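Q: I am new to this structure and would like to go through it step by step. Could we begin with the terms we will need?

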Number of protein chains: 2
Amino acid sequence: MSRLIVFKNKPKIISTATVCGKKEGSGNLGNYVDEIVADEYFGEESFEFAERKMLQSTIKKVIEKAGYKEDDIGVYIGGDLLDQIISSSFAAREFAFPFLGVYTACSTMGESMLIGALLADGGYLKSALCATCSHFSTAERQYRFPLEQGTTRPAQSQWTVTGAGANLISLANEGISITSALIGKVVDYGVTDANNMGAAMAPAAADSIRDFFVVSGKTPDDYDLILTGDLGTLGSRILKDLVKKTGFNIDNNHVDCGELIYNIMEDEYQGGSGAGCSAVVFNSYVYQMMMAKKYRKILFVPTGALLSTLSTQQGESIPGIANVIELQI
Amino acid sequence: MSRLIVFKNKPKIISTATVCGKKEGSGNLGNYVDEIVADEYFGEESFEFAERKMLQSTIKKVIEKAGYKEDDIGVYIGGDLLDQIISSSFAAREFAFPFLGVYTACSTMGESMLIGALLADGGYLKSALCATCSHFSTAERQYRFPLEQGTTRPAQSQWTVTGAGANLISLANEGISITSALIGKVVDYGVTDANNMGAAMAPAAADSIRDFFVVSGKTPDDYDLILTGDLGTLGSRILKDLVKKTGFNIDNNHVDCGELIYNIMEDEYQGGSGAGCSAVVFNSYVYQMMMAKKYRKILFVPTGALLSTLSTQQGESIPGIANVIELQI
């Protein structure tokens, strides 16, 4: 049996919602985001509480925008970068619907949508709410250094997006269809630099994109956009090269969410990253462009780096993963 | 639409495998486990590497026992207690099949089986391998204190199981059927003692069990066994009381995996816990008893405590979750 998961009933994305920080809001996509929060604490006592509140606020919005009530939500599927995905599970505590915790780092939005589409497609549950988030300040202090230390960022680094994105998947007549998907393998090219996530994740993205074309019989030309998660500028260039070596060429229709989210400024170096990066870009700008039929067929390929502080301390390299979601309107 | 997920094609568990540590192997279920590893380092340099190796070994065994090859595996679904589920994702790196990372703490085996059953039931993939693990020494130093500190354990504490369990789900004629499932909600009764997991998780288990009976129209008498994940002795008593208050009585057919795994000895206090607890007990003893038709119909209810070190440090209580999987032969 093929690795391609085909959704026979074409479940639809019936609404999306996004909330982001001030820096993200002043970037290229600010006009497409539902709410921009100027205060990085979001009125809370810690960055972690702020991240959670941002996620909760996004979940409320996506339900409201669909004209749904809490009771209409069959399940909330999500995860985040914090240890034990506490942003997601503590956010879920505030709602009366069931929760499936998932984790493939910054590829979590893709994994959530894949499972959500399964549940809707098979008629198992009425609807699936997919949501994820990240926060620059919680990610920095967990994965790298406390902000107070003022560590210099190397040129290959990316900037973790402060933002949350959500969508609601259900069987419906109108909306963007999720037509097929491919679950990624864990791929490791031996990159050990925790500041160079793009290079660590690009091989996994190349692997999944190549596999998708091979098993589906499709080609890059079949898509208006091949949108990766958070490879950033350097990772995006590596990806194009790696895909080319497999016999496919995505130069003309590939862009990375990390390249889109910020204005080109010096301090983000390679662009955005984090579970919130693809979640915000896809569920704001890209969703709206699809609804306006500027893009009709896209491959959404969120990418994840599966490291932890401990794995790095114990000398491990950084494995990557990428899920492929095929969408059309 | 109901919260009950009904698997129309009754996907089957076609094989299981378990590996555990010396302490677990000398407990009640030692004779039912595939491999007992005397060395808590499993020949590796760190406890974390040992945990991962134990998981990999279990994954290899479950494939071999089914007469399958790596190519026959549609997806590996799993997670574990370590930050960023590194045991699972690094284990997945060694295999050529796709990976879905999931996390609901010690309820992870249940979540994995639920998603695995979905993928098999809907004919989306040929097979789903579900596996999880825990290790006493990695969990202690991550969640509580370094072992070298020799901290005294309080009477309400449990002992994290060193062990891994796996099963393989596919559409087949023979084997134990997964007939339905219910995804748990995040439930928090305000318990703040990170040594009292049983009390933190019991309300979530009671909530899911009650909801299952209500939405399915079944009663406790319909089951030979209602098997919770790792509430331990104290948590198990709390659960029975809480369920009784909802109008159902599970006194006669409930047992907890944490109560079963160890001999009754002083130093484990309330019994076993950890993602490996229900994974080892279900996939060894309970699976074999079902295959021998000593139990024909069971509810498997793995339970999870969704805390992190950071959530505890920031003053949070401990939310719980429990998924319900209905099985029969």
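A: Let us start with one term: a charge sits over a ring if NZ of Lys or CZ of Arg is within 6 Å of the ring centre and within 35 degrees of the ring normal. Please note also that this is a predicted model.

Q: Which charged end sits over the ring of Tyr124(A)?

A: The charged end of Lys8(B) does, at 5.7 Å from the ring centre.

Q: And what sits over the ring of Trp159(A)?

A: There, the charged end of Lys23(A) lies 4.3 Å from the centre of the ring.

Q: Turning to ring pairs, how many aromatic pairs are found over all chains?

A: The search of the whole structure gives 22 aromatic pairs. One of them joins Phe212(A) and Phe213(A) in an edge-to-face arrangement, with 6.2 Å centre to centre and 70 degrees between the planes.

Q: Are those two buried or exposed?

A: Phe212(A) counts as buried because its relative accessibility is 0%. Phe213(A), at 2%, also counts as buried.

Q: Which residues do ring pairs link into a cluster?

A: The cluster consists of Phe212(A), Phe213(A), Tyr223(A) and Phe248(A).

Q: What about Phe282(A) and Phe300(A): stacked or edge-to-face?

A: Their rings are stacked, 4.4 Å apart centre to centre and with 15 degrees between the planes. The pair links distant parts of the chain, since Phe282(A) belongs to helix α9 (residues 275-291) and Phe300(A) to strand β13 (residues 297-301), 18 residues apart.

Q: Why does Phe282(A) count as buried?

A: Phe282(A) counts as buried because its relative accessibility is 0%. Phe300(A) is likewise buried, with a relative accessible area of 0%.

Q: New topic: what rotation superposes chain B on chain A?

A: A rotation of 180 degrees, with 0.0 Å of shift along its axis, superposes them with an RMSD of 0.0 Å. That is the relation of a two-fold axis.

Q: Which residue of chain B comes closest to the rotation axis?

A: Val102(B) does, with its C-alpha at 2.0 Å. As for the contact surface, the same one serves both copies: 100% of the contact residues of chain B recur in chain A.

Q: How many residues does the contact take from chain B and chain A?

A: It takes 60 residues from chain B and 60 residues from chain A. The area buried between the two chains is about 4900 Å², and carbon and sulfur atoms give 64% of it.

Q: How many salt bridges cross the interface?

A: The rule finds six salt bridges between chain B and chain A. Separately, the side chains of Arg52(A) and Glu316(B) meet in a salt bridge with an N to O distance of 2.9 Å.

Notes. Residues are numbered from 1 along each chain as its sequence is written. Chains are lettered from A and ligands numbered from 1 in the order in which they are written. This is a predicted model: local features need pLDDT of at least 70, side-chain atom pairs count only at pLDDT 80 or more; totals for chains, interfaces and linings use all residues. Side-chain values use heavy atoms; hydrogens and water are left out. Rings of Phe, Tyr and Trp (its six-membered ring) pair if their centres lie within 6.5 Å; planes under 30 degrees apart count as stacked, over 60 as edge-to-face and the rest as tilted. Buried means under 20% relative accessible area, exposed over 50%, partly exposed in between (1.4 Å probe, protein chains only). Helices (H or I, at least four residues) and strands (E, at least two) are DSSP runs, numbered from the N terminus. Copies are superposed by least squares on the C-alpha atoms of residues with pLDDT of at least 70 in both. Contact means heavy atoms within 4.5 Å. Buried area is the accessible area (1.4 Å probe) that two parts lose on being put together, summed over both. A salt bridge is a side-chain nitrogen of Lys or Arg within 4 Å of a carboxyl oxygen of Asp or Glu.
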